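This report describes selected features of one structure, from individual contacts to disulfides and cavities. The structure follows.

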Amino acid sequence: MKLKQRVVLLAILLVIFIFTKVFLIDNLDTSAANREDQRAFHRMMASLHVELDPRLDHTLQSPWEIAAQWVVPREVYPEETPELGAVMHAMTTKKIIKADVGYKGTQLKALLILEGGQKVVFKPKRYARDYIVEGEPYAGYDRHNAEVAAFHLDRILGFRRAPLVVGRFVNLRTEIKPVATEQLLGTFMTVGNNTCFYGKCYYCRETEPACADGDIMEGSVTLWLPDVWPLQKHRHPWGRTYREGKLARWEYDESYCDAVKKTSPYDSGPRLLDIIDTAIFDYLIGNADRHHYESFQDDEGASMLILLDNAKSFGNPALDERSILAPLYQCCIIRVSTWNRLNYLKNGVLKSALKTAMSHDPISPVLSDPHLDALDQRLLSILATVKQCTDQFGPDVVLVEDRMTLSHL
């Protein structure tokens, strides 16, 4: 064979090799990743219903020790949590040994210490399940049931970035007042036959107390993250100004995401994709109030965006605030695993899954049917938004493989 023919043959073989590598092997890798996403979805669906059971098998550790060991830089709790029911049972039944005003913030809450030394944040019931919060999407008091629903949605989406939340009934007269600090006790009052308190916070007013039904108050308790994982607060790049007539840059600048991609920690690593995951999460629950967010300290952008304070959600099922999705439709990127999970949840699966996940909770039913229906409708809007992005830029640009080293520059 002549030299020229050999060169041509080698060139053909090289082209075949490259074709095989790019279109066969890479596709096999993608298929394997998609199959794992599907298996993870089925595992989640199989473990949706969590019985609140005090039994802890195969361990001598307390529920609080177990929950503390779950926390790692990229998740608050693991995918497989056979002890979840026991931890949540402890959250809703363990004796309250101290009660104080809540940590600083705009909304009423109480900080409780449960037997064994575990901190939890208690948010009281302010609205009936079918109450519609009118006005701006961030209007109204915190919704305790929204915290419960948001936690279970976090499980269903496979993010595992929200602290554990469960509903709890407390007797303000016998469980709270005897162990309350003077600061909290000074905010208690009686309105009619009901025990009430107004706490200490930016918007807390004596004229706007939270009231129990007699002495029994419904609320939610959120598990405090371990002190060995201190939090760092960040301004959300898509935060609102909360000032009438003054728009944030993202609200008028079509190229805003390009600017975000050039700033740390959004120029590399997982943080921008976390922002987009969170936008999807917040759009589903109707939360337009994430002006700041928390991560773990000294993480250099590597840890997750922690889904804290989700109580400004599920206020109005008829209001779909599309601006919450701005990070998604302005950046037009999304994790492949998130995209796959959203597709698995369409055709009514999301509503059914969330209803099942919340059915065990002490304050069930957690959400009214209109809110559950709204979730399925909002999911369709998210899928349509991603399709618009893929139609414009192509799936190879929009769908970002989780296992890729991400650089936005």
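Two residues are in contact when heavy atoms of theirs lie within 4.5 Å. The model is predicted: local features need pLDDT of at least 70, side-chain atom pairs count only at pLDDT 80 or more, and totals for chains, interfaces and linings use all residues. Residues are numbered from 1 along each chain as its sequence is written, and side-chain values use heavy atoms, with hydrogens and water left out.

**Surroundings of His 371**

Leaving aside neighbours within four places in sequence, His 371 is in contact with Arg 129, Phe 314, Gly 315, Asn 316 and Pro 317. His 371 itself belongs to helix H12, residues 369-393. Helices (H or I, at least four residues) and strands (E, at least two) are DSSP runs numbered from the N terminus. A polar atom of the His 371 side chain lies 3.1 Å from the backbone oxygen of Phe 314. With a relative accessible area of 3%, His 371 is buried. Buried means under 20% relative accessible area, exposed means over 50%, and partly exposed lies in between (1.4 Å probe, protein chains only).

**The annotated position Asp 289**

UniProt, in an unreviewed entry, lists Asp 289 under "active site". UniProt positions are given in the numbering used here, feature names are shortened, and annotations may be inferred rather than shown by experiment. In the model, Asp 289 is placed in the loop between helix H8 (271-285) and strand E10 (292-296). Not counting residues up to four places away in sequence, Asp 289 touches Tyr 138, Tyr 242 and Lys 312. With Tyr 242, Asp 289 makes a polar contact of 2.7 Å between the two side chains. A polar contact is a pair of N or O atoms within 3.5 Å; within protein, one must be able to donate a hydrogen and the other to accept it, and residues adjacent in sequence count only if both atoms are side-chain atoms.

**Disulfides**

A disulfide is a pair of cysteine sulfur atoms within 2.5 Å. The count by this rule is four. With bonded cysteines counted along the chain, the pattern is 1-4, 2-3, 5-6, 7-8. The table presents some of these links.

| Pair | S to S distance | Angle about the S-S bond | Handedness |
|---|---|---|---|
| Cys 196 and Cys 211 | 2.0 Å | 105° | right-handed |
| Cys 201 and Cys 204 | 2.0 Å | 105° | right-handed |
| Cys 257 and Cys 331 | 1.9 Å | 105° | right-handed |

Cys 257 lies in helix H7 (residues 256-260) and Cys 331 in helix H9 (residues 326-331), so this pair ties together parts 74 residues apart in sequence. Both Cys 257 and Cys 331 are buried. Cys 201 and Cys 204 are likewise buried. For the remaining pair in the table, Cys 196 is buried, at a relative accessible area of 0%, whereas Cys 211 is partly exposed, at 32%.

**Cavities**

On a 1 Å grid over the protein atoms alone, a cavity is a set of points where a 1.4 Å probe fits but cannot get out, and lining residues have an atom within 4 Å of a point. The whole structure holds four cavities of 30 Å³ or more. The largest cavity contains about 160 Å³ of space. Its lining comprises 18 residues, of which His 236, Trp 238, Arg 240, Arg 290 and Ile 324 are the closest to its centre. H8 supplies the largest share of this lining, four residues. Grid points are joined across faces, edges and corners, and a volume is the space filled by probe spheres set on the points.

How values were computed
1 Å grid on protein atoms, 1.4 Å probe; cavity = no way out; pocket = protein on both sides within 12 Å on 5 of 7 lines; lining within 4 Å.
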